[in-house]
Amino acid sequence: MAQTQLTNVVTLPPEPPPAESLLLDHPVLRVVAWVATFALLPAVVITPLTLHQQLTLSVVILITGLVVNRFAGRFASLVLIFLSVVASSRYMYWRVTETMTMDSALQVVLGAGLLMAEVYAFIVLLLGYVQTAWPLGRKPVPMPADPAVWPTIDVFIPTYNEPLSVVRPTVLAAQAIDWPRDKINIFVLDDGRREEFRVFCEAVGVAHVTRTDNKHAKAGNINAALKNTSGEFVAIFDCDHIPTRSFMQIALGWFGREPKLGMVQLPHYFFSPDPFEKNLDTFGTVPNEGELFYGLIQDGNDLWNATFFCGSCAVLRRTICEEVGGIATETVTEDAHTALKIHRLGYSTAYLALPQAAGLATESLSGHVGQRIRWARGMTQIFRIDNPLFGKGLSWAQRLCYLNAMLHFLYGLPRIIYLTAPLAYLFFGASVIHASASMIFAYALPHVFHANFTNSRVQGRFRYLFWNEVYEAVLAWYIFRPTLVALINPKLGSFNVTAKGGLIQKQYFDAEIARASMLLMAINFVGVVVGLWRLTFVDADNIATVWLNLAWTVYNLMILGACVAAANESRQVRSAHRVALEVPATLYFADGRSMHCTTSDFSTGGLALDLPTEVLAEDATPFEVALYRGSTEYRFPAVVRFNSGKRMGLRFDAMSFAQERALVQCTTARADIWVARWGNHPRMAAHRVMARIAHISAIGFKDMFAHYLHAAAGKFHAPAPATAALRDAKDPI
């Protein structure tokens with residue numbers, strides 16, 4: 001048996017429990033807190049107040065919130081959540097009881113639509129607080145000191161149509177995992193049944209597994225492999241998710257402590273920018289769309305034993321996985337449904353917020369939308385056929401966590417309503433909220449302010465204010481139809497594979513994916529014009545109402561402008577994405593000389609070096625570059641790609657499989673490479689976030705006008721492949 005290295009993972013030292021957690025752990029104080037909450041909240045919510053009294057209460061809550069926010073710790077966050085719930089509950093009670101007296105059928109229909117959208121948002125807000133109020137912060141449990149007692153693991157890497165260049169690094173990294181060689185087996189589950197994959201797998205020494213059909217897509221592929229393997233645990237990686245050497249030692253420790261633990265999930269981390277980050281130039285400066293889920297929500301779910309299986313970067317206990325019938329096949333989100341089945345049988349799951357694998361994000365906005373369509377359809381299917389609110393086996397908290405995950409993907413229609421609601425008054429004079437502007441201000445402003453203020457504190461490192469509205473506005477139109485269809489008939493729809501590793505050779509504006517946003521943008525722009533015209537003749541009693549709806553419409557225009565900007569696809573000409581990495585290296589000259597230097601970034605195709613002094617070398621000059629794993633040196637053949645001053649770029653030359661595997665060990669499979677990049681976004685003030693979105697929105701307006709000008713001139717030709725992923729996702733509905 002090859003010697004197994006115990007990986008030293010760079011993590012923060014365990015923190016002592018904060019004082020407020022010790023305080024809240026006292027049972028008497030917990031009971032007092034709950035009794036006070038349930039006794040006071042209804043009284044505060046339903047007590048009728050005059051306009052001046054409501055304004056006074058709002059100011060008191062505002063000042064209290066600002067003062068509480070100055071204190072660190074989770075107890076202060078819980079107080080802010082309570083204040084937000086008070087403000088939002090008062091608003092919703094007022095909306096339902098005092099603002100629905102309408103004068104016409106049009107007002108009734110439009111007002112009821114807005115109210116339903118607000119009720120939906122209120123429920124999601126409350127469920128979100130339940131999920132994120134107290135993240136568990138689970139730490140890894142060390143493996144036993146003797147590797148001889150470690151369990152056996154089968155590593156599954158399912159693939160269908162991805163190129164070998166995407167799958168290759170994942171396979172080589174899996175071979176580099178620090179685990180006894182006789183206790184780990186790697187299986188490439190090739191549903192594409194490709195000869196080049198078989199040849200590659202045989203050459204590197206892993207199993208190439210195929211089946212005669214593609215029934216149930218990824219879930220069926222994994223289930224077929226489960227029947228023909230025998231490891232005590234099964235680790236699953238999407239074919240572009242490259243594991244670090246320490247993955248198994250981080251993930252497996254908890255299984256030894258908890259016999260009923262069925263699954264451990266680790267974050268999905270992406271080293272390439274997603275379409276929003278790439279097209280809006282926010283990569284590394286704004287938390288991406290997925291960071292909130294993997295950075296906070298999953299950690300919050302873990303408190304309630306409600307961690308979701310996410311299909312990759314996870315380890316399952318074989319006996320429990322087989323007991324629930326393998327990976328679920330009834331829906332197209334097989335991962336979350338499998339976790340639900342595990343929880344229904346009384347088993348537990350766990351989440352470790354420690355990135356130990358990294359993959360590729362979707363390259364184009366159309367591909368990104370197609371992926372989200374599948375997620376939305378699948379979660380809605382689960383809501384219909386295996387609703388977590390009903391059936392046995394779940395705690396009330398688990399039911400609420402699953403419910404929120406499913407309700408989240410029903411935001412399509414509510415988001416469209418929010419983007420058009422103020423137009424009812426500007427176009428038709430129809431009041432969708434039957435109240436004066438001053439009363440709306442007194443009730444709605446505290447609700448909106450405290451919801452955003454509290455979420456900014458709770459989510460700050462993982463989601464900036466207002467960005468959620470950009471993400472949802474882009475997707476709203478496209479997920480509305482499939483979720484509606486899934487609610488009516490959950491059996492419709494099929495699994496679609498998310499394309500990875502593609503290139504975008506030329507910058508272009510994806511008018512098809514931006515069509516809904518541009519239409520809404522044009523309607524809101526007309527609404528502003530009509531609203532300004534209304535100011536010329538409206539009576540003094542309603543002028544504030546016009547200004548209120550105008551402000552709402554201008555805000556919607558800012559969000560929609562950013563949506564349109566996201567459809568301006570930037571070029572992606574690198575097949576191998578570069579990752580920043582500063583580690584020691586040595587440059588070896590052909591004449592035997594050497595120079596110690598430092599890497600600045602790398603990819604599977606080459607790396608860049610920062611040199612201590614200039615080196616005279618022309619393009620294509622051969623060198624060897626050495627990287628290190630601990631004290632072990634690995635040399636790689638390379639040629640100069642560029643040489644400027646004290647910076648040199650090298651392109652790797654042909655390497656053996658052993659060298660490729662060593663390169664992965666020294667770069668993407670380093671135990672510490674992704675941990676240092678996780679959750680490091682600084683908190684950002686609301687005005688700075690809004691200024692950034694406004695700047696991006698202005699670019700969106702420019703893109704839209706440029707598109708129409710080119711279309712009018714007959715010069716616009718949208719690239720056919722641009723929206724192929726979106727069409728593939730929509731066709732099966």
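Predicted model: local features only at pLDDT ≥ 70, side-chain atom pairs only at ≥ 80, totals over all residues.
Trainee: Got it. How many aromatic pairs are there?

Mentor: Rings of Phe, Tyr and Trp (its six-membered ring) pair if their centres lie within 6.5 Å; planes under 30 degrees apart are stacked, over 60 edge-to-face, and the rest tilted. By that rule there are 23 aromatic pairs. One of them joins Trp150 and Trp179, a tilted pair with 4.6 Å centre to centre and 40 degrees between the planes.

Trainee: Which parts does that pair tie together?

Mentor: Trp150 is in the loop between α5 (105–132) and β1 (153–159), and Trp179 is in the loop between α6 (164–175) and β2 (184–190), so the pair links parts 29 residues apart in sequence. Helices (H or I, at least four residues) and strands (E, at least two) are DSSP runs, numbered from the N terminus. Trp150 is buried too, with a relative accessible area of 1%.

Trainee: And what kind of pair do Phe589 and Phe623 form?

Mentor: An edge-to-face one, 5.2 Å centre to centre with 75 degrees between the planes. Phe589 sits in the loop between β14 (584–588) and β15 (594–602) and Phe623 in strand β17 (residues 622–629), so this pair ties together parts 34 residues apart in sequence. Phe589 is buried at 13% relative accessible area, and Phe623 is buried at 8%.

Trainee: What lies over the face of Phe589?

Mentor: Arg593, at 4.1 Å from the ring centre. The rule asks for NZ of Lys or CZ of Arg within 6 Å of the ring centre and within 35 degrees of the ring normal. Likewise, the charged end of Arg138 sits over the ring of Trp254, 4.4 Å from its centre.

Trainee: New topic: which residues make up an aromatic cluster?

Mentor: Phe293, Tyr294, Phe308 and Tyr402 form one.

Note on methods. Residues numbered from 1 in each chain as written. Heavy atoms only, no water. Buried < 20%, exposed > 50% of the residue type's maximum accessible area, 1.4 Å probe, protein only.
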